[in-house]
Amino acid sequence: MVCMSSNAEAPRVLRTGARIAGRLGARWYAVHVETPREAPAQIKARDREALQKNIELAEQLGATVVGVRADRPADGLIAFAKREGITHVIFGQSARTRFEILLKGSTLNRFLEEVRDATIQVVPLSTQP
């Protein structure tokens with residue numbers, strides 16, 4: 001399972017997931033969580049375009065693209081991983097300060113607390129805006 005977002009850096013994460021799935025000969029999912037902030041009526045045009053490009057790339061790379069709805073990304077990813085018995089997960093993560101993590105929380109940390117039997121890989125994303 002690759003955690004896909006509307007981030008313009010997500011193609012790096014998707015390509016990593018495709019390579020790993022290819023090596024394992026495994027079917028893989030590109031999962032996007034639609035939060036209230038990214039609902040069709042709320043999502044910014046730039047983010048909508050980036051998400052659409054990411055979906056198209058994931059499909060070209062052989063992913064089964066899945067959209068789930070949840071109030072927070074971690075909730076949707078955790079529910080999907082548990083429901084599907086996911087054993088390998090790839091996250092993209094940009095650099096954040098400890099204060100930002102304390103203030104906003106961490107999807108990765110929540111996932112690690114809830115899904116203990118999956119292998120997790122983190123692909124660093126650019127710190128550029």
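Trainee: In which helix is the place of Thr-16?

Mentor: This is a predicted model. In it, Thr-16 belongs to helix α1, which spans residues 10–24.

Trainee: Is Thr-16 buried or exposed?

Mentor: Burial is judged by relative accessible area, with buried meaning under 20%. Thr-16 has 12% relative accessibility, so Thr-16 counts as buried. Leaving out residues up to four places away in sequence, Thr-16 touches Ile-90 and Val-123.

Trainee: How should I read the nonpolar core, and which residues have the most contacts inside the largest one?

Mentor: In soluble globular proteins, nonpolar side chains tend to be buried together. Here the largest nonpolar core has 20 residues, and those with the most contacts inside it are Met-1, Val-31, Leu-77, Phe-80, Val-89 and Phe-111. At least two residues of this core come from each of β2, β3 (64–69), α3 (73–84), β4 (88–93) and α5 (107–114). Helix α3 supplies the largest share, five residues. A second, separate core has 18 residues, among them Val-13, Leu-14, Ile-20 and Ala-30.

Trainee: Which residues are in contact with Phe-80, leaving aside its neighbours within four places in sequence?

Mentor: They are Met-1, Tyr-29, Val-31, Val-66, Val-68 and Ile-86. Phe-80 counts as buried because its relative accessibility is 3%.

Trainee: How many aromatic pairs does the structure hold, and why is the pair of Tyr-29 and Phe-80 classed as it is?

Mentor: There are two aromatic pairs. A pair is classed by the angle between its ring planes, and an angle over 60 degrees counts as edge-to-face. The planes of Tyr-29 and Phe-80 stand at 80°, with ring centres 5.1 Å apart, so this pair is edge-to-face. The pair links distant parts of the chain, since Tyr-29 is in strand β2 and Phe-80 in helix α3, 51 residues apart. Tyr-29, at 12% relative accessibility, also counts as buried.

Phe-91 and Phe-111 form an aromatic pair as well, again edge-to-face, with 5.2 Å centre to centre and 70° between the planes. Phe-91 lies in strand β4 and Phe-111 in helix α5, 20 residues apart. Both of these residues are buried.

Trainee: What lies around Glu-38, a charged residue that is buried yet has no salt bridge?

Mentor: For a salt bridge, a side-chain nitrogen of Lys or Arg must be within 4 Å of a carboxyl oxygen of Asp or Glu. The nearest side chain of opposite charge to Glu-38 is Arg-37, 4.2 Å away. Glu-38 does have a polar contact of 2.7 Å with the side chain of His-32. Beyond four places in sequence, Glu-38 touches Ser-6, His-32, Val-33 and Ile-43. Its place is in the loop between β2 (29–34) and α2 (45–60).

Trainee: How many salt bridges are there, and which residues are linked in a network of them?

Mentor: The count comes to six. Arg-72, Asp-75 and Arg-110 are linked in a network, in which Asp-75 and Arg-72 meet at 3.5 Å, N to O. Asp-75 is partly exposed at 27% relative accessibility, and Arg-72 is partly exposed at 46%.

Another salt bridge joins Lys-82 and Glu-114, at 3.5 Å, N to O. This pair links distant parts of the chain, with Lys-82 in helix α3 and Glu-114 in helix α5, 32 residues apart. Lys-82 is partly exposed, with a relative accessible area of 49%, and Glu-114 is partly exposed with 36%.

Key: Residues numbered from 1 in each chain as written. Heavy atoms only, no water. Helix = DSSP H or I, 4+ residues; strand = E, 2+ residues; numbered from the N terminus. Buried < 20%, exposed > 50% of the residue type's maximum accessible area, 1.4 Å probe, protein only. Lys, Arg positive; Asp, Glu negative; His and termini not counted. Polar contact = N/O pair within 3.5 Å; in protein donor to acceptor, adjacent residues only side chain to side chain. Contact = heavy atoms within 4.5 Å. Core = buried A, V, L, I, M, F, W, Y, C linked by side-chain atoms within 4.5 Å. Phe/Tyr/Trp six-rings, centres within 6.5 Å; stacked < 30°, edge-to-face > 60°.
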